[in-house]
Amino acid sequence: MFEPLENADTTVAALHFLVYWIVGYRTGQLALLTADAAQRSARRIRIWIRVGFGLYLARLVSIGWLWTYGWDFAENRVLVSLPLVTLPLVAVVIWSLPRVSRVIDGSDVDRLDPKLVVPVQATAAGGLLTVWVAFVSRPIPPHADELLTHGGPLAVMTALLWLRQSRRRLTRPSLLTKVAAFLVIVGLVTGGVFYGLSASRLPSHMSMMDHNLVDHGGGPPTSHAARTSVDALTGPRDIVPDKVFTLTAEPGKISLSSGGSIDGWTFNGTSPGPEIRVREGDLVEIKLYNKIPDLGVTLHWHGLDVPNAQDGVAGLTQEAVPNGGSHTYRFRAEQVGSFWYHTHQASSEAVAKGLFGSLIVEPRTRPAVEDITVLSHVWNEEISAFGTADTMQRKRIKPGTPVRIRLTNTGINPASDTTSTEFLLTGTPFRVTAIDGTPLHGPTELRDTTLELANGGRYDLSFTMPDGPVRLVDRNAPDAGLLLEPNEGGPVPTLPEDPPAFDPLSYGSPETPRFTRFDRRFKLILDDGLSFHDGVFGLLPMINGTQFPDTPTLMVRENEVIHTTLINRSHEVHPMHLHGHHALVLSRNGVPSTGSPWWTDTLDVRPGEIFEIAFVADNPGIWMDHCHNLEHARNGMVMHLAYEGVTSPYHVGQQSGNQPE
Ligand SMILES: [Cu+2]
């Protein structure tokens, strides 16, 4: 309901502007009419002013309704949008309406009087600014700036309208004047767009350390003195690794099970790349070679909280590996669970085209289970597949066998812009035993439940193979998916209609609360608005009203406990991914978590949702914190978590060769 309500409020605001624009024009024309014609026109004007009042009241209702979703969804309307039209409307009531009535009565009234005309036109000007608020400026609290940036233009426009009206003579503007005015407006808009496109381009080189906006989250300010380079924040270098892998990025044809093929990018000739499977405590070494012409490559270990230098972000923790180059990663696998790896250079294109694979850390003693990794991907923005299987895959499993499915969402489905990707497991009761690599406490049995999984997120699904078939599908591609069956060629279970959704907030049993005090509190408003980013113009995602590099850098000190509020007042889902840390979900829309501790590294924040999360700053470095809808990230939905005293020698920008997203 949140989005329709949001859209309805914006539509009413736009209608309010249109009504007063037309009425403002008509009121200005009154002076040019004969007494009779003016009388008739004034009657219509009075009706439309009242219609405008009705629209204003409708806005009060829609804003009040939005308020029920949280003050965060209403505050920019109450504090910025409404005053812009309320003030001139008061003048309409006090000055314009009585004069309009006198024109209707045929009384003697100066139809050039600014008090008759200007309040109506100023309401239109205020209405235009409310449309600006809704589509462009998306102001965030505190709103002190808006007094100047929005109140200022209203005051100037009102003053100019007053000046024009008080000097007005009884003549219509010539056609030439109208054409000139039109051309000036078109010229200003076109010039503004071209200026915005070029001014928004990232410079040829820039350090991610050039924080345009530093946020201390209400904690003590951090020192600017640089002590440690990200390069020094590395794992053991001088010990012989337990496991060594080589991944070579190269172009390749990726064959789908349906017979189709994709011109993509592979690791060692396959996509998904080879599975990296290690044991808890292993010192892992991965050598990356790049044989893809004109593309840099890196390796990021999604969900594994490795030392900062091993995190694989081009332009932040390393240079992108150019064609012909190589890079060696080393880290100790400390967390047991399901993770994945992918390139973090031009990732919105390169991950989609195949540069990813699964990364599994097994416990020291391997449990006897049928362990199935499912990487759900979207090829060419339209083909949903499990790995390269875009048709149903059958697998025989003996009844009674314990099964663990490691469901990983590596794709960006265009459908997942506005909803989370939905999976469905049917044919058996099952438990969600881990989220984002972290085991859940006391998971209970589920049946026929929709599993909404964030782009980049993982669910571990556990069950004992029953006597009948078990089916797992992505609901965007119900004809594909995975069919586990006790005997070959058995029946395919039908999918339940409208099954309830799995809710991690209340799933499993709680443990003693982990956090009781917070050293810093950050507030991040996820938004969308008409904007420019790096030469792109459109309805772009925003964090706190802006895009990288203007997004806030969250400054912390080691061992602090950090509280973060994520508010999504946009129209799209944002799977927010903080590198190097796992955060505990505290509440959603004010409802505290009552289930198992829910630790996440990739959290879907849907429109109208407010999440409170907390994490310990226990992994020094400079970390990406971005939307894992990688197209959103490319369009600037990126910020950083930076520890006091850590610096990065790397650069992003047009000529740097580094472009993380
Ligand atoms: Cu997003």
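## Salt bridges, one pair at a time

A salt bridge here is a side-chain nitrogen of Lys or Arg within 4 Å of a carboxyl oxygen of Asp or Glu. One example is lysine 353 with glutamate 349, where the closest N and O atoms are 4.0 Å apart. Lysine 353 has a relative accessible area of 26% and glutamate 349 has 41%. Both therefore count as partly exposed, given that buried means under 20% relative accessible area, exposed means over 50%, and partly exposed is in between (1.4 Å probe, protein chains only).

Before going on, a word about where the numbers come from. This is a predicted model, in which local features need pLDDT of at least 70 and side-chain atom pairs count only at pLDDT 80 or more, while totals for chains, interfaces and linings use all residues. Residues are numbered from 1 along each chain as its sequence is written, and side-chain values use heavy atoms, with hydrogens and water left out.

## Bridges across the sequence

The structure holds 35 salt bridges, and some of them reach across the sequence. Take arginine 475 and glutamate 422, whose closest N and O atoms are 3.3 Å apart. This pair links distant parts of the chain, 53 residues apart: arginine 475 is in the loop between strand S21 (470-474) and strand S22 (482-485), and glutamate 422 is in strand S16 (residues 421-426). (Helices, H or I with at least four residues, and strands, E with at least two, are DSSP runs numbered from the N terminus.) Arginine 475 is partly exposed at 31%, and glutamate 422 is partly exposed too, at 25%.

Now look at aspartate 436 and arginine 458, whose side chains meet in a salt bridge at 3.8 Å, N to O. Aspartate 436 sits in the loop between strand S17 (431-435) and strand S18 (438-439), while arginine 458 belongs to strand S20 (residues 458-464), so the pair ties together parts 22 residues apart in sequence. Aspartate 436 and arginine 458 are both buried. Elsewhere, salt bridges that share partners join Glu275, Arg277, Arg279, Glu362, Arg366, Asp371, Arg404, Arg406 and Asp460 into one network.

## Two histidines from the record

Which residues does UniProt mark as "binding site"? The unreviewed entry names His302 and His342; such positions are given in the numbering used here, feature names are shortened, and annotations may be inferred rather than shown by experiment. The two span 41 residues in sequence, yet no two of their C-alpha atoms are more than 7.3 Å apart, so they gather at one spot.

Histidine 302 is in strand S8 (residues 300-302), and histidine 342 is in strand S10 (residues 337-342). Are they buried or exposed? Histidine 302 is buried at 0% relative accessible area, and histidine 342 is buried at 0% as well. Leaving aside neighbours within four places in sequence, histidine 302 is in contact (heavy atoms within 4.5 Å) with residues including His342, Arg458, His577 and His628. On the same terms, the contacts of histidine 342 include His300, His302, Leu355 and His628.

## A copper ion

The copper ion is coordinated by His574 (ND1), Cys627 (SG) and His632 (ND1), at 2.0 Å. Donors are N, O and S atoms within 2.8 Å of the metal (3.2 Å for Na, K and Ca), and water is not among the atoms, so sites may look incomplete. Along the sequence, the donor residues are spaced H-x52-C-x4-H. Histidine 574 in strand S27 (residues 574-578) and cysteine 627 in strand S33 (residues 622-627) are 53 residues apart, so to speak a link between distant parts of the chain. Both histidine 574 and cysteine 627 are buried.

## The chain as a whole

Zooming out, the chain has 9 helices and 36 strands. Its C-alpha atoms fill a box of roughly 95 × 60 × 55 Å, taken along the principal axes. Of its 661 residues, 55% count as buried. Among contacts with a separation of 6 or more, 78% are between residues 24 or more positions apart.
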